Each structure stands twice: as C-alpha cells, then as structure tokens.
Amino acid sequence: MLKSIAEAKGYIKVALNCEEQNKKKYLLASACYLENSKTQDNILYNQMAHYLFLKALALKTKQEATNKADSKINLIKAYKNVKIGFDDICGLEEAKKKIKEKIIYPYEKPEIYKIYKRNAGGGILLWGPPGCGKTLIAEATAKEAKAVFFNIGISDVLSKWVGESEKIIANIFEQARKQPSVVFFDELDALGTQRNEEENSFTRRLTNTILSQIDGIGTKQGKILLLGATNRPWNIDDALRRPGRFDEIVFIGIPNNKTRGKIIQMQLKQKPISKDIDLDFLIKNTNKFSCADIVALCNDAINIPLTEALEGKQIRKINFNDFSIALKSRKSSIKSWFEKSKNEVLKTNNKDLFKEVFEF
Ligand SMILES: Nc1ncnc2c1ncn2[C@@H]1O[C@H](COP(=O)(O)OP(=O)(O)OP(=O)(O)O)[C@@H](O)[C@H]1O
Ligand SMILES: [Mg+2]
C-alpha cells in the first residue's frame, strides 16, 4: 500500500526525538518518499528519499548488521538450481535454437567459434505477452547450460532502499562469476526510458550499474549467460540493447495448435483421464489462449472431480464434460496485451521491430 508523505514526516519527527529508533525511522521515511516519487514522478520527493537514506546510512547502530543480513537473504532467494530443461517446455523451438546458438554454444564449443572469429558475449531479450513462457525458458536455459539460475526482478530491486539496489546487483554478479550462471533480468521495462533521462535518477543509476556489470561478459573470466524479459520492449532504454548487451531480441508468442496439444497432454500426464477427452476439440477451442491460460483451464477441469471426491462423492476420472464446463469460464487473457501493445508500438514508431504485436 502506498505510504503517504504525512507518514514520512511522522517518521522523521520520531527520528529526531529518539536516538534508539532514528536509523529505522529515517529509512521508513525514505521509503515513503521513494514510493511517492515513483507514483507522482516527483523529483523533489526522489531527492528527499535519497537525502534521508544517506542520513540513515551515516548513523551507526545495531541496525547495520541487520541490514547486511537482509541483503544476504535477498541474494539467497535470487538463485536456485533448476530442474526443468528445454524438453519440459512445449514449443518455442525457434527461441530454444537462438538461445543455444547465441549463449550456450559459445561457451560449450569455444573452438568452433574461434575458427569463425566469433566471441562469446551479449544476451537475449525475450519479449511477448504474459504467460507464454519467457520466465520458464530462461529457467530451463540454466539447466541446459548446467548453470545456476539468478533471477533478478527489476521491480523488486527498485523497491529496495536507495543505493541498496546497486549493491544487490553488484552482489549477484559477484556470486554469479563464481560458477557457470544464467543471470536473468525480469521486467526489464520497469527501468523505463523517459524517467531514465533524468541524469541522477535511481533508475538511471541502476541502469548504469547493470550496464557496467554486463559489459565484459564473455571477456571476463567465469561463464555468465545473460537473458532478459519484458512485456514492453519498446519501453527499454536503447543503451541496454546495444551490441554486447541485450543485442538479440526473441519473441515468445502465443502457442500454436501443436504446442497447445502438448501442454494439455503434459498437464494430464499420469492423471486419471477418461477416454472421451477429445484433444482436437480442446486444441480448437483454446485458440489464442496463452500457455498459462491452458494450464489454468486444465486445472479447472481437474478440480471438478477432485472437489466432488473431497465432498464424499465417488472418485471418478476427469472427463470431457469437465473440460466443457471449464471452457465456459476461461477465455484468452492476452487479448488486452495485444491491443495495448499495438497502440504503444505505433506511438513509439517501432512497427517493423515489433511487428508480432499485429499478428493477434
Ligand atoms: N511453452 C510452455 N510449455 C509449457 N508450459 C508453459 C509454457 N509456457 C508457459 N507455460 C506455463 O505457463 C506458466 C507461466 O509461464 P511464464 O511464467 O514463463 O510466463 P511469462 O512469459 O514469463 O509471463 P510474464 O510476462 O507474465 O512474466 C508457466 O509456469 C507454465 O506453467
Ligand atoms: Mg515472467
């Protein structure tokens, strides 16, 4: 919930009067100003947040140790060893191929790349409607490359204390360099472009931190594979898309007939299903559904006999009628994304680069 400026002023008052509490209160006040600076696009609030944060930093209390522990926890949450690989992802063949050629093989088969004088480096920006597999394929890349997966949600990082977000990014890269890693920046558009023009804004500084970390990937020691994702690539700072950075863009679009069929089969695997389930009918009736919509539809259908059984009715197989009922209340969730995106692409004069938004 958005904290008000009045609340911030309250914290400052307590901070000024109570030595024990002051560091925490300055930080809370800084957070209030930061939130309000983002929602109201107010540079003065932004500066106030910065000032309060620096004031809090200058106070050496027990809080210091706790803050350090906090950043460690953030880091631990950010990485994991992934279990799903490309075989667990239906469709997206073109994207799998591009990821292999651009970021996996240069590290796995450096001798071949050497012959043709092609260096490792640069990353892929995955873009497209929600729920179609961007995060999933980024995770799976880690397993394919036998690497650890670092998932950096930009909006999470931005919500950290001023100055702290840069430290978090630097920390993650430090950890990532220690072993083969996939570093994945999710919601890259949260960095924005217009706001970034403000020379000293948080987002500008965070963008610069990210740029300085990703420049040199492929030349520095340690294997880091770079992936990013966004629903609004036209809103991304051009600097992030220059050579050696997110220099290849790959559209992760709506699943075709074959892929939808595979997802349904995957969802029903090892579950009690009746022979009357008509896969072709389901494929036809899920046209323009996202992958996540299809998963949700299958769950809705499965839940019908499950709920009945929980209510004490006879245990039975999932049948075609369950899917017919489920289909009545599930529609494609991505129509609005395409509509909104078409307007944004036209406004930003990027029709050729993002032509896929006109294909819905
Ligand atoms: N190609 C796929 N094959 C099988 N399941 C998929 C596929 N793509 C997506 N899914 C299912 O949909 C869910 C959502 O996918 P994912 O999180 O990768 O979407 P996304 O493109 O990152 O969306 P967002 O833009 O909202 O972040 C996955 O957890 C998975 O269950
Ligand atoms: Mg995602």
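Me: Before we talk about helix pairs, what do the angles run between?

Reply: Angles run from 0 to 180 degrees between N-to-C directions, and the axes are lines fitted to C-alpha atoms. Keep in mind that this is a predicted model. Here, helix α9 (residues 164-176) and helix α10 (residues 202-214) have axes that come within 9 Å and cross at roughly 15°.

Me: What makes α9 roughly parallel to α10?

Reply: Angles under 35 degrees count as roughly parallel. The axes of α9 and α10 cross at roughly 15°, and that makes α9 roughly parallel to α10. Their crossing is right-handed.

Me: Which residues of α9 and α10 meet?

Reply: From α9 come Ser165, Glu166, Ile169, Ala170 and Phe173, and they meet Arg205, Leu206, Thr209, Ile210 and Gln213 in α10. By class, the contact of α9 with α10 has five nonpolar, three polar and two charged residues.

Me: Why are α2 and α3 called roughly antiparallel?

Reply: Happy to go through it! Helix α2 (residues 22-40) and helix α3 (residues 43-58) pack at an angle of about 160°, their axes being 8 Å apart. Angles over 145 degrees count as roughly antiparallel, and α2 and α3 are therefore roughly antiparallel to each other. The crossing in which α2 passes α3 is left-handed.

Me: What does the contact of α2 with α3 consist of, by class?

Reply: Among the residues of α2 that meet α3 are Tyr26, Leu27, Tyr33 and Leu34, while the α3 side includes Met48, Leu52 and Phe53. The contact of α2 with α3 divides into 11 nonpolar, five polar and two charged residues.

Me: Which residues of α13 and α14 meet?

Reply: Leu297, Asp300, Ala301, Ile304 and Pro305 in α13 meet Asp322, Phe323, Ile325, Ala326 and Leu327 in α14. This contact of α13 with α14 has eight nonpolar, no polar and two charged residues.

Me: Why is ligand 1 said to lie between domain 2 and domain 3?

Reply: Domain 2 (76-251) and domain 3 (257-329) both give residues to the shell around ligand 1, so ligand 1 lies between them. The shell has 18 residues, and the closest are Pro130, Gly133, Lys134, Thr135 and Cys291. Helices α7 (134-144) and α13 each supply at least two of the shell residues. By class, the shell holds 12 nonpolar, five polar and one charged residue.

Note on methods: Residues are numbered from 1 along each chain as its sequence is written. Chains are lettered from A and ligands numbered from 1 in the order in which they are written. This is a predicted model: local features need pLDDT of at least 70, side-chain atom pairs count only at pLDDT 80 or more; totals for chains, interfaces and linings use all residues. Two residues are in contact if their C-beta atoms, placed from the backbone, lie within 7 Å. Helices (H or I, at least four residues) and strands (E, at least two) are DSSP runs, numbered from the N terminus. Ala, Val, Leu, Ile, Met, Phe, Trp, Tyr, Cys and Pro count as nonpolar, Asp, Glu, Lys and Arg as charged, and the others, Gly among them, as polar. A residue is near a molecule or strand if its C-beta atom, placed from the backbone, lies within 6 Å of it. Domain bounds come from an automatic or database domain assignment. Angles under 35 degrees count as roughly parallel, over 145 as roughly antiparallel, 65 to 115 as roughly perpendicular and the rest as oblique. A crossing is left-handed if the near helix is turned anticlockwise from the far one by less than a right angle, and right-handed if clockwise.
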